Amino acid sequence: MSTDLASSVSLFYLVGLFDLWTGIRTIFISSAGAYAIAKYIDSPFMPWLGFVFLMAHMSVNHVHRQFANAPDKVDITGAQMVLVMKLTGFCWNVYDGRLKYDELANFQKARALPQLPGLLDFAGYVLFFPSLFAGPSFDFIDYRRWIETTMFEIPPGTDPNSAPRTRKQRKIPRSGTPATLKAITGLIWIFLFLKFSTWYNTAFVLGDSYMQYSFARRIWILEMLGFSTRMKYYGVWCLTEGACILSGLGYRGIDPKTGRVQWNRLENVNPWGIETAQNSRAYLENWNKNTNNWLRNYMYLRVTPKGKKPGFRASLATFITSAFWHGFYPGYYLSFLLAAFLQTVAKNFRRHVRPFFLTPDGQRPTQFKIYYDILSYVVTQSAFCFTTAPFVLLTLPSSLLVWSRVYFYAVLGTAASMAFFASPAKPWLIKRLNARNSKKLQELQVQLKESPAEHPLMGLPSDPGRELDDAVKEIKEEVGARRKRGASVNMPTGQDMKRAVEDKLGKKI
């Protein structure tokens, strides 16, 4: 698929099929603005200016969509969300190309753009049809390697007999079979969504008939509401991934173990991994993978000063970016907030309870491990069907109404678990584990505790308690650094704060 053909197909669907003239304007403004910023601003702030411009432009459309409140109408915000990921990454790649090669990390070296791409190649990248409306997102260097077919070159030393088969002079390996399988899988998911969404939908859980069922049945219905909603995304992402595979962009090389061609370069979701997840991290890392990669590579690691480990600032910036990127519906923020605490609870159970179901050396499961796994699965799935319900319901009244109809069970369970691990029970568990487990496992647990915080998934802090400790530590370090430089650091008194508020308000309080 050539650059001009891909752009033409995208324009046909935008205008000819969906009549999205305003969508063309939106894509043009974001793309032209990002390209101009990358070309004319030679400054360390260039990628941040691009980020602010793109996020601000998208936020305007998010607000417009929210006030229009027309869910049945096709709009451009979904495509713009994908475009923001591509263009912010593009600005960073251009910036990395201006730095000295030795200053770059391996990830940056692989994606840096020493020369600004031409307008035609840039337009082809922006309007690449298979991923225009729903993703997946990818970096410009992947697009260039696909266009130039260098992506399909066999690594030196590879046995020519193990090279993937191609058709005639075509350099792209045969991709018809894996693309067809993805397309069929996507269509099955879409068909299931159309059936299940007639049985489990927002009108059902908001209606009076929902309360006629038992508490356990209401939880099950909530689970099926989430599952039927996920089917829509499973279907769309499988179809777009299949289109990328058919074009060849999904090519990931040859698996050295099996010798088979891999086509999962742009895999965005793993339905099996989500539906069988036994903990929050496994659940989140299998969902919207390319957004997770974008948040990690172009926010979490970018706000971290060179030579330092990511801390509270990185996590906070990533969380805010993820929240604003999704939009401004209150339901999103309810889900984000509760999911962050779920991450902490899940990590505590994994560190302080799960080892009891392993042998003392931590290498093998005990005969009771199966019961722990089953309980973990049930708790994880039931907790997330509650947590993600506001993501489907969107509004605050609807979200709180449905939560109240299942008695806020996940909120209460999370609060009780956090209280439990904040009590003397946690030191008691640690003492019992130390007495039971081998020295090697104890050393491993200490290493896990002292290791750097895991990067946030979907922008959610992996451990809010630890993030707060990092924030306090960073503040103390900043205050100490200023004192060494001779700067005075004085905290305002209560009267000072009162006078400042009165000055702002223009009246006494």
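## Basis of the model

The model is predicted: local features need pLDDT of at least 70, side-chain atom pairs count only at pLDDT 80 or more, and totals for chains, interfaces and linings use all residues. Residues are numbered from 1 along each chain as its sequence is written, and side-chain values use heavy atoms, with hydrogens and water left out.

## Overall make-up

The chain holds 23 helices and two strands. Helices (H or I, at least four residues) and strands (E, at least two) are DSSP runs, numbered from the N terminus.

Of the 509 residues, 44% are buried. Buried means under 20% relative accessible area, exposed means over 50%, and partly exposed lies in between (1.4 Å probe, protein chains only). The accessible surface comes to about 27700 Å². Carbon and sulfur atoms own 62% of that surface. Areas come from the Shrake-Rupley method with a 1.4 Å probe; for residues, only the protein chains shown count as cover.

## Salt bridges

A salt bridge is a side-chain nitrogen of Lys or Arg within 4 Å of a carboxyl oxygen of Asp or Glu. By this rule there are nine salt bridges. One of them pairs R302 with D96, with the closest N and O atoms 3.0 Å apart. R302 sits in the loop between helix 13 (289–300) and helix 14 (312–326), and D96 in helix 4 (residues 77–97), so the pair ties together parts 206 residues apart in sequence. Both R302 and D96 are buried.

R111 and D139 also meet in a salt bridge, at 2.9 Å from N to O. R111 belongs to helix 5 (residues 106–111) and D139 to the loop between helix 6 (119–126) and helix 7, so this pair links parts 28 residues apart in sequence. R111 is partly exposed because its relative accessible area is 22%. D139, at 10%, counts as buried.

Elsewhere, E223, R230 and E275 are linked in a network of salt bridges.

## Surface patches

Patches are made of residues with over 30% relative accessible area and no salt bridge; like charges are joined within 9 Å, and nonpolar side chains (Val, Leu, Ile, Met, Phe, Trp, Tyr) within 5 Å. Lys and Arg count as positive and Asp and Glu as negative, while His and the chain ends are not counted. A charge is placed at NZ of Lys, CZ of Arg, CG of Asp or CD of Glu.

R165, R167, K168, R170 and R174 gather in a positive patch on the surface. K168 is in the loop between helix 7 (140–147) and helix 8 (176–199). With 78% relative accessible area, K168 is exposed.

F368, I370, Y371, I374, Y377 and V378 form a nonpolar surface patch. Together they have about 620 Å² of accessible area. Y377 lies in helix 16 and, at 34% relative accessibility, counts as partly exposed.

## Buried and exposed residues

F384 also lies in helix 16 (residues 369–387). F384 is buried because its relative accessibility is 4%. Not counting residues up to four places away in sequence, F384 touches S280, Y283, L284 and L342. The C-alpha atoms of F384 and E223 are 8.3 Å apart, although 161 residues separate them along the chain.

N268 is in the loop between strand 2 (261–262) and helix 11 (271–275). N268 is buried too, at 4%. Leaving aside neighbours within four places, N268 has contacts that include W237, E241 and W287.

W272 is found in helix 11. At 66% relative accessibility, W272 counts as exposed. W272 and Y283 are 11 residues apart in sequence and 9.9 Å apart from C-alpha to C-alpha.

## Positive phi angles

L394 is not a glycine, yet has a positive phi of about 75°. L394 lies in the loop between helix 17 (389–393) and helix 18 (396–405). F408 has a positive phi near 50° and sits in the loop between helix 18 and helix 19 (409–422). Both are partly exposed: L394 at 21%, F408 at 31%.

Terms used
Contact = heavy atoms within 4.5 Å.
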